[in-house]
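Student: Could you show me how to read the features of a structure, one at a time? I would like the general idea and then the case at hand.

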Amino acid sequence: MTPTLQPSSISIAIILVLVVSYTVLQIGRILGPVVGLMDHPNWRKRHGAGTPTTGSFALLASLILFTLWYLNDDDMRMILIGAGLFFLLGLIDDIIPLPAVFKLFYQTVVTVAITIETELTIFNSTFLHSFETLDAIVALLSAVIFTILLSNALNLIDGHDGVAAGISIFTILAMVPIFGTDLENQTTLISIFIILPVLVFWVQNSGLVGRKLFLGDSGSLTLGYLISWMMIYQLNQPSLSLPNYSHFSYFLWLVFIPCVDAAAVILHRLWASKPIFQPDRSHLHHLLTHSGMSRLSVMTFILCLHVSFIGCGWLVMQYIPQWSYLVLAITALGYIATTHRYRSHSIID
C-alpha cells in the first residue's frame, strides 16, 4: 500500500467510488455496442431490446481503487488476482459464448492456484484430524468446490433485473457483523468497495435511474468469486465471538437462494433427462414470472426471501448453532421439493 495514495478519510473514498462507479457505467453503456458487449432478446431472455452487459465495469474500477489505496495483505492480493481472472473469463464469455466445460476447467485451475498460493481453505486442521494427506486434499477441494459453486450459482440466478446485484448487496451487508467494523480489516474494507459500485449498478439495472445495463457474466461470476473468497478469508482469521465452524454455517445461509436454486435446477434437469449445462427457464425468477408476477414483484419477492433466510441463519447461529447444518439441510430439501413440481411446467425445450 502506498501511503500517499490513501485518502485521509473513508468518506472521501466512498464519495470517489460512487462518482467513479456512475461515470464508468455511463462510459460502459456507450462502449457496449461498440465492443460487442450486448445481451439480445431470445426465447430465454425476454427483455425488450439489446442491452449493454457492462455493469461489471464499475465493480472492476472500484477494485482497482481498493488495490491502489488500501490493499496491504498478500492473501487478499492473490484473491484479487483471481477475481481479475474470473472477470476476464466472464468478459470473453459476454462477447463470444464459451463452452461450459471450458469455463468450468478454467475456474477450477484458477481456484486451485489461488488456494495453493494462499493456503486458505474452509476445512482446515481445525476440523480435520485424521490423515495429513487427506486433510490437505479435502481442504483444497473445500475451497475450490465452494468457489465454483457460488460463482456459477450467482451467474445462473442473474437472469432477472436486480436479483444478482441485490442478493450480493444483502449478503455482504450480512457478513459485516462477522467481519467487524474495524476498517483495518481487509474484508471490511473491501466490502465497502464492492457494495458501493454494485449499489450504483443496481439502481440503474432496476430502471430507476438512467438507461438499463446488465451485469454480464463478467460481473456475476466475479461477484460470486469475491463473496466466496471473502468468506474463506474470514474463516481463516482469529474469531473472538463464535467458532469459525459456526461462521461457516451462517455463511451458507447467506448464499442459500443462489446455491440451492442452482442445485434444484440441476436435479430437475437430471430428472427430466436433460443435459445439466443446457439453458432453460426453470430458475426461481422464471417460475415466478410464469406465475404472472410483474418484474418488480419478482425481484422484490426473491430479495425478501433472501433476507428471510439471512435472518433465519442469524437466529440459528445465535441460539441453536449445533443444529444449524441440520436445519439448513432440511430447509434446502423443502425448497427443492416445493419448487420441483413447478419446474416440471417450465419451458425446457
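Tutor: Gladly. Let's begin with a cysteine: at 49% relative accessibility, cysteine 304 counts as partly exposed, because that label covers what lies between the 20% and 50% cut-offs. Keep in mind that this is a predicted model.

Student: Is cysteine 312 buried, exposed or partly exposed?

Tutor: Cysteine 312 is partly exposed, with a relative accessibility of 27%.

Student: How many disulfides are there?

Tutor: The general idea is that a disulfide is a covalent bond between the sulfur atoms of two cysteines. In this model the count is zero disulfides.

Student: Thanks. What does the overall picture look like for the protein chain?

Tutor: The protein chain has 13 helices and two strands. Of its 349 residues, 50% count as buried. For contacts between residues at least 6 apart in sequence, 75% join residues at least 24 apart.

Student: Which residues have the most contacts inside the largest nonpolar core?

Tutor: Those are Phe66, Met175 and Ile194, in a core of 88 residues. Helix 8 (residues 216-235) gives the most to this core, with eleven residues. For a local view, take isoleucine 194: leaving aside neighbours within four places in sequence, isoleucine 194 is in contact with Leu59, Leu63, Ile172, Leu223, Leu226 and Met230.

Student: Which residues of helix 2 are buried, and what do they pack against?

Tutor: Helix 2 (residues 56-69) has 14 residues and reaches 20 Å from first C-alpha to last, close to the 20 Å expected. Its buried residues are Ser56, Ala58, Leu59, Ala61, Ser62, Leu63, Leu65, Phe66 and Trp69. These buried residues pack against helix 1 (10-35), helix 3 (74-95), helix 7 and helix 8.

Student: Now the aromatic rings. How do I describe a pair?

Tutor: A pair of aromatic rings is described by the distance of the centres and the angle of the planes. Here the count comes to 13 aromatic pairs. In one of them, the rings of phenylalanine 102 and tyrosine 106 have their centres 6.3 Å apart and their planes at 45°, so the pair is tilted.

Student: Why are phenylalanine 102 and tyrosine 106 separated by about one helical turn?

Tutor: An α-helix has 3.6 residues a turn, so residues three or four places apart point the same way. Phenylalanine 102 and tyrosine 106 are separated by about one turn because they are four residues apart in helix 4 (residues 100-118). Phenylalanine 102 is partly exposed, at 40% relative accessible area.

Student: And what about a pair that joins distant parts of the chain?

Tutor: Look at phenylalanine 146 and phenylalanine 248, an edge-to-face pair with 5.8 Å centre to centre and 70° between the planes. Phenylalanine 146 is in helix 5 (residues 132-156) and phenylalanine 248 in helix 9 (residues 244-254), 102 residues apart. Phenylalanine 146 is buried at 7% relative accessibility, and phenylalanine 248 is buried at 9%. Elsewhere, Trp253, Phe256, Phe309 and Tyr335 form one aromatic cluster.

Student: What can I read from backbone angles?

Tutor: Most residues other than glycine have a negative phi. Glutamate 119 has a positive phi of about 60° although it is not a glycine. Its place is in the loop between helix 4 and helix 5, and glutamate 119 is exposed, with a relative accessible area of 66%.

Student: Could we finish with a residue and its contacts?

Tutor: Take valine 298, which lies in helix 12 (residues 295-319). Valine 298 is buried, with a relative accessible area of 0%. Leaving aside neighbours within four places in sequence, valine 298 is in contact with His160, His285, Leu288, Thr289 and Met293.

Notes:
Residues are numbered from 1 along each chain as its sequence is written. This is a predicted model: local features need pLDDT of at least 70, side-chain atom pairs count only at pLDDT 80 or more; totals for chains, interfaces and linings use all residues. Side-chain values use heavy atoms; hydrogens and water are left out. A nonpolar core is a set of buried Ala, Val, Leu, Ile, Met, Phe, Trp, Tyr and Cys residues joined through side-chain atoms within 4.5 Å. Buried means under 20% relative accessible area, exposed over 50%, partly exposed in between (1.4 Å probe, protein chains only). Contact means heavy atoms within 4.5 Å. Rings of Phe, Tyr and Trp (its six-membered ring) pair if their centres lie within 6.5 Å; planes under 30 degrees apart count as stacked, over 60 as edge-to-face and the rest as tilted. The expected span of a helix is 1.5 Å times one less than its number of residues. A disulfide is a pair of cysteine sulfur atoms within 2.5 Å.
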